[in-house]
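Open the model in your viewer and keep the selection tool at hand. We will go stop by stop.

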Amino acid sequence: MGPEEDGTNPMDEDGDGDAEEQGRDMEAWEKAYAEDRSWEALTEDASGLLLAVDVTQQQRQHRRRFAASKGPRIQRGIIRYVFVVCDFSRAAAEADFKPSRMGAVANCVEAFVREFFDQNPLSHLGLITIRNGVARRLTDLSGSPEAHIRALRANLECSGDASIQNAIDLARGYLSSIPSYGHREVVILYSALSTCDPGDIMDSIAECKKANIRCSVVGLSAEIYICKTLCDKTGGVYSVAISESHLKELVLEHAPPPPAVAESAVASLVRMGFPQRGAEGTVALCACHREVKLGGGYTCPRCKARVCELPTECHICGLTLVSSPHLARSYHHLFPVPGFEEVSVQLQSMGKFDVLRLCYGCQQELPTAGSKAIAGVRLECPRCKQHFCFDCDVYIHESLHNCPGCESLVK
Amino acid sequence: MKFKIEGLTVYFPYEFIYPEQYQYMVELKRALDAKGHCLLEMPTGTGKTITLLSLITSYQLANPVGKLVYCTRTVHEMEKVLDELRRLHAYQEKEIGKEAAKILALGLSSRKNMCVHPEISGEGSRESVDAGCRKLTASWVRIAAVDNPNIKTCDFFENYEKKGADALLPPGVYTLHDMRSFGREKGWCPYFLARHMIQFANVVVYNYQYLLDPKVSGIISREMEKECIVVFDEAHNIDNVCIEALSVNIRQQTLEGATRNLGKISQVIEKFKATDANRLREEYNRLVEGLAQRGNLPVADNWLANPVLPDDILREAVPGNIRRAEHFVAFLKRLVQYIKGRLLTEVVESEGPLSFLNSLNKECSIDQKALKFCYDRLQSLLTTLEITDTDEFLYIQSICDFATLVGTYQRGFAIIIEPYDDRMPNIPDPVLQLSCLDASLAIRPVFERFQSVVITSGTLSPIDLYPRLLNFNPVIFKSFTMTLTRDCLCPMILTRGSDQLPVSTKFDMRSDPGVVRNYGRLLLEMVAAVPDGVVCFFVSYSYMDGIINSWNEMGILQEVMQHKLVFIETQDVVETTLALDNYRRACDCGRGAVFFSVARGKVAEGIDFDRHYGRLVIMYGIPFQYTLSRILRARLEYLRETFQIKEGDFLTFDAVRQAAQCVGRVIRSKADYGMMIFADKRYNRHDKRSKLPGWIQTHLRDAHLNLSTDMSLHIAREFLRKMAQPYDKKGQGTNATLLSQADLEKMEQMENMQA
Ligand code: SF4
Ligand SMILES: [Zn+2]
Ligand SMILES: [Zn+2]
Ligand SMILES: [Zn+2]
Ligand SMILES: [Zn+2]
Ligand SMILES: [Zn+2]
C-alpha cells in the first residue's frame with residue numbers, strides 16, 4: 001500500500017467497486033468506524049489542515065507531507081510519462097484564485113514542468129487542455145520544459161463545459177503506446193464541478209486502470225465524487241486547493257516519482273545515449289528546431305544528430321538522450337537519504353544534547369528548551385545522529401539528496 | 001467492546017463508541033431501571049440503532065424483562081435494524097458463549113413482504129396478497145379441499161398447520177429475507193410462522209401500525225407481556241401516525257363500492273338461505289351470546305380486528321336489530337344512503353360525532369349502539385358467508401370502520417364534509433372525513449400496557465412538546481448533540497437576495513416576481529458552486545409547480561441546466577422513483593444534478609441524500625401545513641382546549657420539524673458533510689430558530705444568520721474547500737469523538753473515585 005491511499009479525502013467510504021457494494025449494506029455511521037480504524041495506521045502520513053499559525057506546527061506539517069510523498073523505501077518509477085491536463089472550461093474564468101483560476105493553473109503548471117524535469121530527468125511530459133467539452137493535445141510527450149511552457153502560454157483562454165472522459169481517453173490513446181518500463185500518469189487540474197461526457201466515464205476509468213495509467217486530480221473548488229472515484233480506482237491522489245499557494249504545493253507534490261505499480265515494476269533495461277557536448281563554434285543543423293544553430297548543443301551518439309537540450313529523445317533515431325548528472329540525480333529516488341526524526345526539545349533539559357547546540361548543516365543555533373528565541377523543530381539523522389535545523393532538512397531531502405553528516409563519517 | 005454502565009455490562013460490537021452513544025445508553029438505562037417511558041433525541045449518523053439494540057439486549061441479559069419490540073416506519077429500516085442486531089448478536093456470542101447469548105429475533109411484516117407462495121406472492125398490492133392468501137387458507141376452503149382435490153390450498157400453510165406446536169423457529173436473528181428462505185426450505189408459511197413465534201421471541205421488529213392501529217394490533221400484538229420494552233424509532237411524526245390510525249375518509253367511489261358490496265352480500269345470503277339456512281341460524285345464535293371469541297377463530301380466518309381501541313370494545317351481545325344477516329345488510333344500506341345524501345352538500349360542513357349521530361338517528365333511525373357493532377358484525381358475516389376475496393370488500397369495510405369509530409368516540413374526533421378540494425374548487429370531489437384530533441388516543445393503550453416505551457428520533461424538538469401531544473409522562477427526556485471532529489454541518493439562514501430584498505414564502509410574498517427571481521438566483525449561484533448533488537425542498541406541490549414554471553419563463557431553469565441536470569418529485573411514485581434513480585446516476589457520473597422535492601412528501605420522509613448525493617439542501621420557505629384545511633383547524637382548536645397548546649406554537653413546531661427533517665437528509669454519518677440553507681426571512685426569528693433540533697442550532701453560528709445570496713455563496717465555497725481537505729477523524733484530547741474500552745474504564749474509575 002503506497003502512501004497515496006492515505007485517506008487524503010473525507011469520503012473514503014466511497015471506496016471502489018466491491019467495497020461500495022458492501023458499503024450499501026453497512027450502516028452509514030458504522031462505515032465511519034471502519035474508516036477510523038484504517039485511520040490509525042495512517043495518522044503518520046496524512047497531511048493536516050493547512051491553516052496552522054504556529055511555526056513549529058507548520059514545519060511539522062511540511063515534514064509530514066513530505067514524508068507522505070516519500071513513504072518508506074519503495075520501488076519508484078523513475079521513467080515517467082505524464083500528461084498534465086488543464087481544464088480551461090467556463091469555470092476556469094472564475095476569479096476566486098488570482099488572477100483567475102486559469103492564470104493560477106498556468107502558473108502552477110509552469111512551476112510544475114520545471115520541477116518535474118528537475119526531479120525526473122529521464123521522464124516525459126505532455127499537455128492537454130479541455131475547452132468546450134473537447135480535449136486537445138497541446139504538446140506531445142517530450143522532454144523539453146520550455147516547449148511545454150511556451151505552448152501553454154500561447155493557449156490561455158477558456159470557455160464551455162469540461163469533460164474528464166474526453167481528457168483521459170485522449171491521454172490514454174497516447175500513453176498506451178509507450179514502452180512498458182515507463183510509468184504512465186495523468187495529472188488533471190480541474191476547475192469545473194461537473195463533467196459532460198459523451199459516454200460512460202466508468203468505462204474509461206476501467207480502461208485507464210487496465211492500461212496502468214495512474215490518474216490524479218487537483219481540484220480548484222470542491223470535492224467531486226467522480227474525481228475521487230477516478231483517483232481511487234487508478235491509484236492516484238485527489239486533493240483540493242484552498243488557495244493559490246496551496247494549489248501550487250498540491251501540484252508540486254506530483255513532481256517526485258510515485259511508487260511503481262506492482263505489475264509494471266518488473267525490472268527492465270532501457271537503452272540510453274550520453275551525447276557529447278558540441279564544440280563551440282561548430283555550425284550544425286539542429287534536429288529539434290529544424291534550423292541551423294551555432295555552437296553548443298549535443299550530438300546523439302548513435303545517429304550524430306544535433307539536439308539543443310537534454311534530457312530528450314533523439315528526434316531522428318528515438319534514442320533517449322541524457323547526461324550523466326541527470327541519471328545520477330534520478331538515483332536519489334532509489335537510494336534516498338533516510339528521513340530525519342524530530343527530537344523533543346524537552347528532553348534536552350535532561351542535559352543530553354548540550355553538545356549539539358548548532359545545526360550540523362548550516363551552523364545556525366538550534367531551538368533549545370530554555371530559550372524561546374528560536375522557534376521550530378530540531379531534527380536528527382538516524383544514521384549519523386547529527387542534528388539539523390528545519391531548513392537544512394528541507395534542503396538535504398529535497399535538493400541535495402545527501403546527508404553531510406553521513407558523508408563525513410569515517411568509513 | 002465491553003464496558004459497564006452503572007453496574008450493567010454492555011456489549012457493543014465495535015471497538016470505539018461515540019461519547020453521545022454512551023450518554024444515550026446511560027439515560028436509556030435509567031429509564032428502564034425506573035420502568036418508565038422516555039423521549040430521546042439524537043441526530044442521525046450517530047448510530048442510534050446500534051446504541052438502542054446494544055443497551056437493551058444487554059439489559060435483557062441481566063434483568064428479567066420482556067421482549068424488545070422495535071417499531072420502524074419502513075421495511076427497509078426494519079431490515080437494517082435486524083442486520084445490525086445480527087452483528088451485535090455475533091459479538092455477544094463471542095463474548096459470553098453461544099448458549100448464554102441465545103436469542104430469537106425476527107421481523108414481521110404483511111403477507112405482501114413475507115409470502116412465499118409462487119403465485120400469491122407475485123400479486124401487486126398488499127390487499128390482493130391478503131385476499132389471495134385467504135382464498136387458499138380460510139377454514140371452509142380447507143375443509144372443502146379435503147373432499148375435493150380440485151380446490152386449491154396453500155402447501156406452505158398446510159405443512160405449517162400439520163406440524164402444529166412443533167413448527168418452531170430455532171434461535172437466531174431473522175430478517176424478512178431470512179424468514180422467507182427458512183419458510184421455503186422447510187415448506188412452512190413464513191408469515192404465519194412469524195406471527196406464531198412472536199410470543200417466544202426476545203426481539204420483534206415490525207411496523208408502527210402493529211402497535212398503533214387497533215385493526216392490526218388487536219390480532220398481532222394482543223398477547224405481549226407488560227414487561228416489554230417498546231421502541232419507536234424515527235418517531236418525529238408519531239402523532240400523525242396515531243391520528244391516521246383512527247381516521248377514515250369516505251369518498252364517492254367508496255360509497256359506490258359499498259353499494260356493490262352490499263348487493264353481492266345480499267345475493268350470497270339468498271344463496272345460503274336456499275342451500276344452507278342452518279349456517280345463518282348458527283351465526284344468529286352466536287351473536288345472541290356475544291361476538292365471536294376471536295381467540296377461537298382459526299388463525300387464517302382472523303384477519304382484521306376491531307378498529308377501536310381494546311378498552312373500548314364492548315363485550316356484550318350484538319343488538320337485536322342487526323343480528324339477522326338481512327337486517328344488517330338493510331341497516332348498512334340505510335347508512336350508505338344517508339352518507340350519500342350528506343355528500344351532496346354544496347357547502348363545507350363540520351360537526352362533532354354527537355351531532356352527526358343525532359341527525360343520523362333522526363333521519364334513518366340508526367342508533368349509536370348498533371353502529372358500534374358494525375365492524376365486528378361485518379367480519380362475522382363475511383366469515384359466515386365464506387367470503388374470501390376480501391380485497392373487493394374493502395369499501396364496505398371502510399364504511400363499517402367509520403360506523404364503529406363514530407359510534408364509539410364522542411370526544412377527540414371531528415366529522416368534516418367538503419364538497420371539493422379548496423385548492424381546486426371547480427372539480428367536485430366530495431369527501432367525508434372522520435378525523436381523529438387527538439394523537440394520545442391511539443398511543444395511550446401502548447403506554448398503559450407496556451412498562452417502558454422509548455420514543456426516539458433525530459428531530460424531536462422542542463422535546464417538551466411531545467409529552468403534551470401524546471399525553472404521557474416520560475421519566476427521561478433528553479436531546480443529545482453530535483460530537484464532531486470537524487464542522488461538517490453548515491446550516492445557514494438566508495433572508496435576502498443579492499439585491500438585499502427579503503425572501504419568504506409568506507402568503508403575501510410568495511408570488512412576488514422579485515422573490516421568485518431571488519430564489520432562482522440563489523439556486524443558480526449554488527449549482528455553479530456546489531459539486532454533485534443539490535436538493536431543493538419546497539413547501540408544497542402547487543408552490544413547486546408555480547415557481548418552476550416562473551423560473552422556466554425567466555430562463556433561470558435553462559441556466560441551471562448548464563450546470564446540473566434537473567429532476568422533479570411528482571405525486572406518482574413510479575415516476576419519482578425513476579427520477580431519483582437518474583438523479584443518483586447523474587451524481588455518480590459527475591454530471592451533477594438538482595432534485596426538486598416537497599416537504600412532507602415521500603422523498604422528504606424516506607430518501608437519504610447522503611454523501612455526494614446531497615452536498616447542499618435548500619429549504620425554500622417554511623413548510624407550514626395548509627392552514628385553511630378544516631381538519632387542521634379542528635385539530636388546533638382541540639389542542640388548544642384540551643392540552644393548552646397554542647395554535648401558533650403547534651404550527652411552527654410542526655413546520656420546523658418538517659424542515660429539519662428535510663435538511664437532515666444530507667447528513668447520514670459523521671464522515672459525511674453537507675450544507676443546509678433555510679431560505680426564508682422568517683427563519684431568522686428566534687421563535688422559529690429555537691425550534692430547530694439542537695444539533696442544527698449548535699452549528700448555526702451568528703455569522704450564518706441573516707445572510708444574502710452572495711454572502712452564503714462565499715460561505716459555501718469556503719466550506720466546500722475546507723471539507724475537501726484531509727482530516728483527523730479520531731479527534732484529539734478533549735476533542736475526542738471516539739472512546740475505546742480503555743477510555744471508558746478510565747472514566748468509570750474516575751467516577752468511582754469521586755463517589
Ligand atoms: S399461507 Fe403463507 S405462503 Fe401461503 S399464501 Fe398465505 S402467506 Fe403465502
Ligand atoms: Zn534545437
Ligand atoms: Zn539519434
Ligand atoms: Zn540551519
Ligand atoms: Zn542547518
Ligand atoms: Zn546522516
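In which sense do strand β5 and β6 of chain A pair, and over how many bridges? Select β5, residues 213–219 of chain A, together with β6 of chain A: they pair in the parallel sense over three bridges. Bear in mind that this is a predicted model.

**Stop 1: the sheet of chain A**

Stay with this pair. Click A:Val217, which stands opposite A:Tyr238 in β6 of chain A. Next, select helix α8, residues 225–234 of chain A. Helix α8 packs on the sheet and touches β4 (183–190), β5 and β6 of chain A. The direction of α8 makes about 150° with that of β5.

Now show the whole sheet. It is an open sheet of six strands in the order β3-β2-β1-β4-β5-β6 of chain A, and the pairing is mixed. Which strands are at the edges? They are β3 (134–142) and β6 (238–240) of chain A, each pairing on one side only. On average, neighbouring strands of this sheet are turned by 15° against each other, direction ignored.

Helix α5 lies across β1 (80–87), β2 (124–131) and β3 of chain A. Its run is at about 155° to β3.

**Stop 2: two crossing helices**

Select α4 (residues 101–119) and α9 (residues 244–252) of chain A. Their axes come within 9 Å and cross at roughly 35°. The crossing is right-handed. Show side chains here. From α4, A:Ala104, A:Val105, A:Cys108, A:Ala111, A:Phe112 and A:Glu115 take part. They meet A:Leu247, A:Lys248, A:Val251 and A:Leu252 in α9. By class, this contact has eight nonpolar, no polar and two charged residues.

Then step to A:Pro99, in the loop between β1 and α4 of chain A. The peptide bond from A:Lys98 to A:Pro99 is cis, with omega near -5°.

**Stop 3: two annotated spans**

Select residues 300–317 of chain A. UniProt, in an unreviewed entry, places "zinc finger region: C4-type" there.

**Stop 4: ligand 1**

Which residues are around ligand 1? Among them are B:Arg111, B:Cys115, B:His117, B:Cys133, B:Cys154 and B:Cys189. Helices α5 (126–137) and α7 (155–163) of chain B each give two or more residues to this shell. By class, the shell has nine nonpolar, two polar and one charged residues.

**Stop 5: the sheet of chain B**

Show the seven strands of this open sheet, in the order β18-β19-β17-β20-β21-β16-β22 of chain B. Their pairing is parallel. Why is one side of β18 (565–568) and of β22 (707–708) in chain B left without a neighbour in the sheet? Both stand at the edges, so each has a single partner strand.

Zoom in on β17 (residues 533–538) and β19 (residues 593–598) of chain B, which six bridges join. B:Phe537 has B:Ser597 in β19 as its bridge partner. Finally, select helix α27, residues 647–663 of chain B. Helix α27 lies across β17, β20 (616–620) and β21 (674–679) of chain B, at about 160° to β20.

Note on methods
Residues are numbered from 1 along each chain as its sequence is written. Chains are lettered from A and ligands numbered from 1 in the order in which they are written. This is a predicted model: local features need pLDDT of at least 70, side-chain atom pairs count only at pLDDT 80 or more; totals for chains, interfaces and linings use all residues. Side-chain values use heavy atoms; hydrogens and water are left out. A residue is near a molecule or strand if one of its heavy atoms lies within 4 Å of it. Helices (H or I, at least four residues) and strands (E, at least two) are DSSP runs, numbered from the N terminus. Ala, Val, Leu, Ile, Met, Phe, Trp, Tyr, Cys and Pro count as nonpolar, Asp, Glu, Lys and Arg as charged, and the others, Gly among them, as polar. Two strands pair if DSSP finds at least two bridges between them. Contact means heavy atoms within 4.5 Å. Axes are lines fitted to C-alpha atoms, for helices over the stretch in contact, and angles run from 0 to 180 degrees between N-to-C directions. UniProt positions are given in the numbering used here, feature names are shortened, and annotations may be inferred rather than shown by experiment. A crossing is left-handed if the near helix is turned anticlockwise from the far one by less than a right angle, and right-handed if clockwise.
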